[in-house]
Amino acid sequence: MRKKPLPVSEPEQGLQDPPGSILSLRGVTIWLPPDRMLLYRQSLDVGSGEHILILGRAGSGKTRLFRCLCGREVFQEGEVILFGKRLGPGREASWRQVMTYVGVIPEGNSFFSSLTCLDNLRLAENRRRDGSGKTKRETAQERNFWLERLGLRHMEGRRVDSLSPEERRRLNLARACQRHPRLILADHFTRELSPESEEKLWRDWKAAAAEHFLPGNVPAWIHLSDRQCPGEPADRVWQMENGQTELGEKS
């Protein structure tokens with residue numbers, strides 16, 4: 001008998017999305033002395049629920065931009081405005097506050113490989129912000145929702161080091177969604193996947209998001225990659241080269 005589906009996720013209190021863009025970069029610049037430019041006057045805007053794909057070859061500045069958006073890279077000029085809060089050097093407390101509303105999917109393995117899928121997700125739950133209002137039972141229901149919808153429910157007891165690249169990507173997405181994110185930042189999220197596996201992953205994400213999130217509350221995405229999958233639901237595709245992006249049109 002099919003279990004009763006988990007109710008759709010409602011916005012949590014504490015941080016409200018401003019009108020227009022939820023994320024803005026204004027003239028963000030990073031350089032190394034004496035004159036090596038890594039990011040040059042980077043400016044971009046991301047609207048609520050918008051899916052942005054940034055493409056570029058190795059060395060174009062994608063991962064540097066990803067680290068900058070995560071608050072892990074110091075920039076010398078400009079500012080980042082995330083959920084209406086102005087961020088930059090010397091504002092580490094503000095970075096920590098807003099990043100609790102961001103799901104981060106880094107490139108490579110970011111799990112404890114000797115632990116099971118379930119244990120890794122439980123660790124992520126323990127690190128979430130206080131005051132979410134979720135009981136342990138509700139947290140477990142939500143975790144099980146993402147495991148099931150992303151095809152991982154039957155392997156929650158397996159060690160992470162036994163997973164395939166596709167299964168690890170799906171586990172990464174499940175962990176990011178546990179944060180009830182307003183924004184998902186992903187660095188080469190679908191690298192190492194075949195076109196068929198990649199397209200199925202995006203299809204499963206869209207179906208799960210439509211079931212779980214209220215209309216207008218689906219997280220925005222910024223995905224930095226070196227290639228585009230036909231199944232990725234990108235609203236805009238940007239090209240990045242030498243630390244700069246060229247804005248794309250709506251797809």
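Author: Asp204 counts as buried, at 16% relative accessibility. Buried means under 20% relative accessible area, exposed means over 50%, and partly exposed lies in between (1.4 Å probe, protein chains only). The model is a predicted one, in which local features need pLDDT of at least 70 and side-chain atom pairs count only at pLDDT 80 or more, while totals for chains, interfaces and linings use all residues. Residues are numbered from 1 along each chain as its sequence is written, and side-chain values use heavy atoms, with hydrogens and water left out.

Asp204 forms a salt bridge with Lys200, at 3.0 Å from N to O. A salt bridge is a side-chain nitrogen of Lys or Arg within 4 Å of a carboxyl oxygen of Asp or Glu. Lys200 and Asp204 are about one helical turn from each other, because they are 4 residues apart in helix H6. Helices (H or I, at least four residues) and strands (E, at least two) are DSSP runs, numbered from the N terminus. Salt bridges that share partners join Lys200 and Asp204 with Glu166 and Arg170 into one network.

Arg170 and Asp204 are both buried.

By the rule given above, there are 15 salt bridges. One of them joins Arg149 and Glu148, whose closest N and O atoms are 3.3 Å apart. Arg149 is buried, with a relative accessible area of 17%, whereas Glu148 is partly exposed at 39%.

Asp187, in strand S7 (residues 183-187), is buried yet has no salt bridge. Its nearest side chain of opposite charge is Lys62, 6.4 Å away. For charge, Lys and Arg count as positive and Asp and Glu as negative; His and the chain ends are not counted. The side chain of Asp187 does make a polar contact with that of His188, at 2.9 Å. A polar contact is a pair of N or O atoms within 3.5 Å; within protein, one must be able to donate a hydrogen and the other to accept it, and residues adjacent in sequence count only if both atoms are side-chain atoms. Leaving out residues up to four places away in sequence, Asp187 touches Thr63, Phe66, Ile105, Pro106, Glu107 and Leu224. Contact here means heavy atoms within 4.5 Å.

The rest of the chain gives the setting. It has 6 helices and 10 strands, and buried residues make up 49% of its 251 residues. Of the contacts between residues at least 6 apart in sequence, 73% join residues at least 24 apart.

Finally, there is the matter of confidence. pLDDT is the predictor's confidence in each residue, from 0 to 100, and its mean over the chain is 83. Among the elements, S7 has the highest mean pLDDT (96), and strand S10 (residues 244-246) the lowest (68). Over residues 1-8 pLDDT stays under 50, and over residues 10-15 it also stays under 50. Where pLDDT is low, the predicted coordinates should not be read in detail.
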